Amino acid sequence: MTAHTVEYIRYRVPDQQSAQFLAAYTRAALQLAAAPQCVDYGLTRCEEEPESWILRITWTSTEDHLQGFRRSELFPPFLAEIRPYVENIEEMRHYRPTGVQGGGAAVPTLYDWAGGAAAFSRLTSVFYDKVVKDDLLAPLFADLPAEHAEHVALWLAEVFGGPAAYSETQGGHGHMVARHFGKHITEPQRRRWVDLIQDAADDADLPKDAEFRSAFLAYVEWGTRLAGYFSSPDAKPPAEQPVPKWTWGAMPPYQG
């Protein structure tokens, strides 16, 4: 997958032109929103110096911006809107993101919001009690090791922003994926797994607010669909990759 590039365009716009400038970019943004080369964008205004503005555009690549968007039918109407402000540009460059990035503590992780390690331990204990009694799922978990539920608790805890205990003790993402090879999980079994873990979340007293449960269910849907794929006869092991980190948002579409 090609690494994205971030374009920063710095403007200095006199205060008396600020309303027109903002209106122009509001219209020009329609072309960015329609461009397949554009991942996202945002226009910000400096609080200390209101004449300073920064437009940030994330492109699928620098080449896609310069050879794709700029040569597309979307560029002329985009340029027409912002042309009066080209002379106000102080910088226009592309930047490549580095590995130095992450979130701060202002927004709690899903792991902390759920109640930490104890919450995920309760969840998997309740869940596997249900699984072994379920006619549809029990055959998949025949001869279940005693420690399986706790290993899954470590996995979910790491996925939702907790300690990397699963990676450190069990082998990470590749180990989890490998456990599904040859299982031939059917769609009815996958759906039952989803239903039972939601029931278990209720019984284990995980938070019931809409925001947490929507993020929790989004991961369960995503994860079980991947498990179903890797359990199929023609599945190929994925390239080595870290345990996914789930947040309050959503995963981007996969592009190979």
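Guide: A residue counts as buried if its relative accessible area is under 20%, and as exposed if that area is over 50%. Keep in mind that the model we're looking at is predicted.

Visitor: Okay, let's start with W59: buried or exposed?

Guide: W59 sits in strand β3. The cut-off for buried is under 20%. With a relative accessible area of 1%, W59 therefore counts as buried.

Visitor: Which residues does W59 touch, not counting those up to four places away in sequence?

Guide: One way in is through V39, which is 20 residues from W59 in sequence but 5.5 Å from it in space, C-alpha to C-alpha. V39 is on the contact list too.

Visitor: How many of the eight residues of strand β3 are buried?

Guide: Strand β3 covers residues 52-59, and W59 is one of its residues. The strand is largely enclosed by the rest of the structure, because the buried residues number six of the eight.

Visitor: What about its pairing: over how many bridges do strands β2 and β3 pair?

Guide: For comparison, β1 (residues 5-12) pairs with β3 in the antiparallel sense over eight bridges, and there R12 has S52 as its bridge partner. On the β2 side, a hairpin of six residues joins β2 to β3, and T44 is bridged to I54. Strand β2 (residues 38-45) also pairs with β3 in the antiparallel sense, and the bridge count is seven.

Visitor: Moving to the largest nonpolar core, which of its residues touch the most other members?

Guide: This core has 37 residues. The members that touch the most others are F120, L123, F160 and F216.

Visitor: Which residues is F216 in contact with, leaving aside its neighbours within four places in sequence?

Guide: Two of the contacts, L123 and F160, are among the core members that touch the most others. With neighbours within four places left aside, the whole contact list of F216 is L123, F160, I197, A201 and L206.

Visitor: And the second largest pocket: which residues are closest to its centre?

Guide: The volume of this pocket is about 720 Å³. Its lining has 23 nonpolar, nine polar and four charged residues, and α10 gives the most, with nine residues. Of the 36 lining residues, those closest to the centre are Y128, M176, H180, W193 and A227.

Visitor: Now the backbone: what is the phi of H184?

Guide: Most residues other than glycine have a negative phi. H184 lies in the loop between α8 and α9, and at 44% relative accessibility it counts as partly exposed. H184 is not a glycine, yet its phi is positive, about 55°.

Visitor: Last one: is D205 buried or exposed?

Guide: D205 is in the loop between α9 and α10, and although it is a residue other than glycine, its phi is positive, near 60°. Exposed takes a relative accessible area over 50%. D205 has 57%, so it is exposed.

Technical notes: Residues are numbered from 1 along each chain as its sequence is written. This is a predicted model: local features need pLDDT of at least 70, side-chain atom pairs count only at pLDDT 80 or more; totals for chains, interfaces and linings use all residues. Side-chain values use heavy atoms; hydrogens and water are left out. Buried means under 20% relative accessible area, exposed over 50%, partly exposed in between (1.4 Å probe, protein chains only). Helices (H or I, at least four residues) and strands (E, at least two) are DSSP runs, numbered from the N terminus. Two strands pair if DSSP finds at least two bridges between them. On a 1 Å grid over the protein atoms alone, a cavity is a set of points where a 1.4 Å probe fits but cannot get out, and a pocket is an open set with protein on both sides within 12 Å along at least five of seven lines; lining residues have an atom within 4 Å of a point. Grid points are joined across faces, edges and corners, and a volume is the space filled by probe spheres set on the points. Ala, Val, Leu, Ile, Met, Phe, Trp, Tyr, Cys and Pro count as nonpolar, Asp, Glu, Lys and Arg as charged, and the others, Gly among them, as polar. A nonpolar core is a set of buried Ala, Val, Leu, Ile, Met, Phe, Trp, Tyr and Cys residues joined through side-chain atoms within 4.5 Å. Contact means heavy atoms within 4.5 Å.
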